[in-house]
Amino acid sequence: MAGNAGGLGDRASARLALEGVSKSYRIRGETVRALDDVTVRVAEGEFVCLLGPSGCGKSTLLNLVAGFETADRGAVLAHGRPVRGPGPDRMLLFQEPALFPWLDVLGNVRFGLGLAGGISGESRTSVARQHLRLLGLEGFLHARVHQLSGGMRQRVALARALAPNPEVLLMDEPFASLDALTRERLYGDLQRIGRGRTTLFVTHNVREAVCLGDRVVLLSPRPGRIVREFSIGLPRPRDMNSVGLAAYASEIGAALRGEARPSSLGISA
């Protein structure tokens with residue numbers, strides 16, 4: 001699909017929807033348009049990757065869905081209702097882990113559950129332990145943040161985001177600062193424990209988008225507009241080094257660079 005409209009299905013049935021959204025900022029007396037007439041719809045349980053060059057408005061789009069910012073024009077909807085601010089149904093995972101250094105690993109995940117509310121202290125501990133075990137951190141429950149590697153810190157942040165069982169997970173280039181081996185481990189973790197959760201994932205890494213996404217949506221350079229999208233037909237779990245993934249990445253990379261060439265994979269776009 002080409003043009004500014006992204007996402008199949010009607011607005012009412014989408015778990016998340018941005019309808020004709022535009023957003024500008026005033027910087028040093030000048031107006032800078034970050035997004036222009038963007039429409040994206042995300043179905044229940046769908047993993048959608050937003051891919052584009054730096055500065056194209058990907059993070060702005062994510063902040064609008066999270067409720068941290070408001071659109072100048074258009075509508076941002078969650079379950080058909082306008083997003084008017086942050087809510088426990090939408091959890092945002094940042095580029096940096098943003099862990100509290102005065103808390104241990106278990107305490108950081110418990111803290112997130114406390115903010116979500118409705119969970120007793122004993123239950124918070126049990127749920128936190130369960131998610132840390134799923135991410136292979138059961139041996140580091142009482143370690144401090146400074147004692148963890150970068151990859152381990154991001155796994156703690158992922159456990160903290162998933163533990164309250166949010167309906168929507170928003171991820172803003174969470175693996176960008178990690179080495180290749182650690183990223184691949186986290187790709188596997190996310191595919192294993194995050195399947196079936198509605199996810200909007202921002203990246204500028206083509207292979208990462210193909211590895212994780214059910215659908216990849218391309219944004220133009222600023223102002224960000226939807227220029228094309230691709231449905232990814234690869235089985236899961238996906239291997240970053242597979243021939244099939246490389247083929248998808250090659251075609252999507254060409255589209256990102258503006259190269260016109262016929263698809264050799266029958267990619268839906």
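Visitor: Which are the buried residues of helix α7?
Guide: This is a predicted model, in which local features need pLDDT of at least 70 and side-chain atom pairs count only at pLDDT 80 or more, while totals for chains, interfaces and linings use all residues. Residues are numbered from 1 along each chain as its sequence is written, and side-chain values use heavy atoms, with hydrogens and water left out. Buried means under 20% relative accessible area, exposed over 50% and partly exposed in between (1.4 Å probe, protein chains only); helices (H or I, at least four residues) and strands (E, at least two) are DSSP runs, numbered from the N terminus. In α7 the buried residues are Leu 245, Tyr 248, Ala 249, Glu 251, Ile 252, Gly 253, Ala 254 and Ala 255.

Visitor: Against which elements do the buried residues of α7 pack?
Guide: Contact here means heavy atoms within 4.5 Å. By that rule, the buried residues of α7 pack against β4, α6 (206–212), β10 and β11 (226–231).

Visitor: How many residues of strand β4 are buried?
Guide: Both faces of β4 are covered, with Phe 47, Cys 49 and Leu 51 on one side and Val 48 and Leu 50 on the other. The strand, residues 47–51, is therefore largely enclosed by the rest of the structure, its buried residues being five of the five.

Visitor: What is the order of the strands in the open sheet of six strands?
Guide: Two strands pair if DSSP finds at least two bridges between them. Strand β4 runs parallel to β9 (residues 198–203), with five bridges, and parallel to β10 (residues 215–219), with four. Strands β10 and β11 run antiparallel, joined by five bridges. The pairing is mixed, and the order is β7-β8-β9-β4-β10-β11.

Visitor: Which strands stand at the edges of the sheet?
Guide: A strand with a single partner has one side left without a neighbour in the sheet. The edge strands are β7 (90–93) and β11.

Visitor: How many disulfides does a search of the whole structure find?
Guide: A disulfide is a pair of cysteine sulfur atoms within 2.5 Å. Cys 49 is in none, as the nearest cysteine sulfur, that of Cys 211, is 9.0 Å away. The sulfur of Cys 56 is 13 Å from the closest cysteine sulfur, in Cys 49, and is therefore too far for a bond. Across the whole structure, the number of disulfides found is zero.
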